[in-house]
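Dear colleague,

Please find below the structure that I am handing over to you. My notes on it follow directly after.

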Amino acid sequence: MGQLVNRKSAGGVCLGMKGTTIKLEKCNGKDDVWTHFKNGTIINNKFRVCMQSKSSATGTKVALAECSATKGQFWTERPTAPDYFQIVTGLKDGVCVDLPGTGGNEGLKAQMHPCRLGRDNMEFKWQEAIVSM
């Protein structure tokens, strides 16, 4: 449990949400705290909804939806570097949560893309929830 930080993001930027959209935002310790359960689901702790992709096609948005234990809500962590991992979908092996472009800027929306090593914008780590004032 904690906040998901992208390797390319500046300090204080986490994977958060706006509505059902999952995107990078300033860490706030409220709607950007997640739990990855043994059954593969990643749940937003505040709203108790699951991270989901409806397709493994490149560019498909990763969003929040009511939890339903479908393959689109099953995720694994594939280690890439010390403390970092790629978030791989259960829809198709080798497809990961990605951020568009090559940066980790605030506002970027999570999407699906074939996993590639060395793509920092596909790498995340867990950090203890930090509440910003």
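Before the findings, one term: a residue is called buried under 20% relative accessible area, exposed over 50% and partly exposed in between, with a 1.4 Å probe and protein chains only. The model is a predicted one, in which local features need pLDDT of at least 70 and side-chain atom pairs count only at pLDDT 80 or more, while totals for chains, interfaces and linings use all residues. Residues are numbered from 1 along each chain as its sequence is written, and side-chain values use heavy atoms, with hydrogens and water left out.

Overall architecture

The protein has twelve strands and zero helices; here helices (H or I, at least four residues) and strands (E, at least two) are DSSP runs, numbered from the N terminus. Its pattern along the sequence is accordingly β-β-β-β-β-β-β-β-β-β-β-β. The radius of gyration, taken over C-alpha atoms, is compared with a globule rule of 2.2 Å times the number of residues to the power 0.38. For 133 residues a compact globule would come near 14 Å, and the protein, at 13 Å, agrees with this. Along the principal axes, the C-alpha atoms fill a box of roughly 40 × 30 × 25 Å.

Of the 133 residues, 47% are buried. The accessible surface comes to about 6,700 Å², and carbon and sulfur atoms hold 53% of this area; the areas come from the Shrake-Rupley method with a 1.4 Å probe, and for residues only the protein chains shown count as cover. A contact means heavy atoms within 4.5 Å. Among the contacts with a separation of 6 or more, 49% are between residues 24 or more positions apart.

As for charge, Lys and Arg count as positive and Asp and Glu as negative, whereas His and the chain ends are not counted. Each charge is placed at NZ of Lys, CZ of Arg, CG of Asp or CD of Glu. The protein carries 18 positive and 12 negative charges, and their mean positions are 5 Å apart.

The disulfides

How many disulfides does the structure hold? There are three, a disulfide being a pair of cysteine sulfur atoms within 2.5 Å. With the bonded cysteines numbered in sequence order, the pairing reads 1-2, 3-4, 5-6.

C14 and C27 make up one of these pairs, with sulfur atoms 1.9 Å apart. This bond links distant parts of the chain, 13 residues apart: C14 belongs to strand β2 (residues 13–18), and C27 to the loop between β3 (21–26) and β4 (34–36). The torsion about its S-S bond is about 90°, so the disulfide of C14 and C27 is right-handed. C14 is buried at 0% relative accessibility, and C27 is buried at 6%.

C50 and C67 form another pair, their sulfur atoms lying 2.0 Å apart. C50 is in strand β6 (residues 49–53) and C67 in the loop between β7 (62–65) and β8 (75–81), so this link ties together parts 17 residues apart in sequence. The link of C50 and C67 is right-handed, with 105° about the S-S bond. Whereas C50 is buried at 0% relative accessibility, C67 is partly exposed at 38%.

C96 is joined to C115, with an S to S distance of 1.8 Å. Strand β10 (residues 95–98) holds C96, and the loop between β11 (111–114) and β12 (124–127) holds C115, so the pair ties together parts 19 residues apart in sequence. A torsion of about 100° about the S-S bond of C96 and C115 makes this disulfide right-handed. C96 is buried at 0% relative accessible area, and C115 is buried at 17%.

Two further residues

E106 sits in the loop between β10 and β11. Is E106 buried or partly exposed? Its relative accessible area is 47%, which means that E106 counts as partly exposed. Leaving aside residues up to four places away in sequence, E106 touches V13, L24, E25 and K26. E106 and C14 are 92 residues apart in sequence, yet their C-alpha atoms are 8.4 Å apart.

M112 is located in strand β11 and is buried, at 0% relative accessibility.

With kind regards
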